[in-house]
Amino acid sequence: MEKYIIKPDYESAGLESHKFNAYVECVTLKISDEIGLRKRPAVIICPGGGYEYLSDRESEAVAMRFASYGINAFILNYSISSPFPAALLEIAETVKFIRNNFEKWDIDPEKIILCGFSAGGHLAASLGTLWKNSYLKNIIGDTSLSRPNGLILSYPVITSGEFGHKGSIESLLGKTPTKEMLDLISLEKQVSDDTPKTFIWHCADDNCVPIENTLKFIEELSSKHIPFEAHIFPYGGHGLALCDEATAARDEHINRTCSQWFNLAVDWLRREFK
């Protein structure tokens, strides 16, 4: 796989750039004279792991699955165990990088979708809700090229409140965050008219990242009239990835009912981004 180093302007956020090593891996279809130019959608995959590690199960296999459907995929290996907003700057820079190089990969620059799992879902939704926020603009200036066109969120961490995933929030903000920062990363509070259309799914029996994370997010999407498609499956717990043998570490990661999410997400993408 091609690999590209992602180097946003960390210093503008008061961070030291030498402490970070984000990069993006490309799982893209080659440009073929036989097939011709297609202006394919692009999906940027953000694996989960509580902002403490990056799950292999939510990475390469997911990218390969998207590519098999004619969707160019990119895996963002963002900084972990790192202070906010390092990962946010990295995903913003990644969207900008792919949009600026759309011809290289035969991508439609208006079909760049973020696909995040668990804490990676929080990262994807962070850019989705904050890309036009003054907080991000004050750091990087013009954010228009970092605008995601859509979100695919799998059992995402959303809130920093009662139903938040404590480990993810602590990894981002440390043990003594201010209320202002807790509110900023509580993404149900950041949904605006500029939040992109969203596909989201979760399991009702998730005891790691409670279902309320998704419910709070879609409630706010609905109140702002942002188009969304949501699927709540009754059983499956947390961290199912593709829900089949490709990503299963143990038998309970295979769930034929929940495995529908991928084809549903592809159908949503093709419908909403014709």
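Student: Let's start with a charged pair: which residue does Arg250 form a salt bridge with?
Tutor: A salt bridge needs a side-chain nitrogen of Lys or Arg within 4 Å of a carboxyl oxygen of Asp or Glu. For Arg250, the closest N and O atoms of the pair are 2.8 Å apart. The partner is Glu252.

Student: Before we go on, what is the mean pLDDT of the protein?
Tutor: This is a predicted model, where local features need pLDDT of at least 70, side-chain atom pairs count only at pLDDT 80 or more, and totals for chains, interfaces and linings use all residues. Residues are numbered from 1 along each chain as its sequence is written, and side-chain values use heavy atoms, with hydrogens and water left out. pLDDT is the predictor's confidence in each residue, from 0 to 100. Here 100% of the residues reach 70 or more, and the mean is 97.

Student: How many residues apart in sequence are the parts that Arg147 and Glu110 tie together?
Tutor: Their side chains meet in a salt bridge, 2.7 Å from N to O. Arg147 lies in the loop between helix H4 (134-140) and E6, while Glu110 lies in strand E5 (residues 107-117), so the parts they tie together are separated by 37 residues. Helices (H or I, at least four residues) and strands (E, at least two) are DSSP runs, numbered from the N terminus.

Student: And which residues join Lys197 in one salt-bridge network?
Tutor: Lys197 pairs with Glu272, with 3.2 Å between the closest N and O atoms. That pair links strand E7 (residues 197-203) to helix H8 (residues 260-272). Through shared partners, the network joins Lys197 with Glu229, Arg271 and Glu272.

Student: Is Cys203 buried or exposed?
Tutor: Buried means under 20% relative accessible area, exposed over 50%, and partly exposed in between (1.4 Å probe, protein chains only). Cys203 has a relative accessible area of 0%, so Cys203 is buried.
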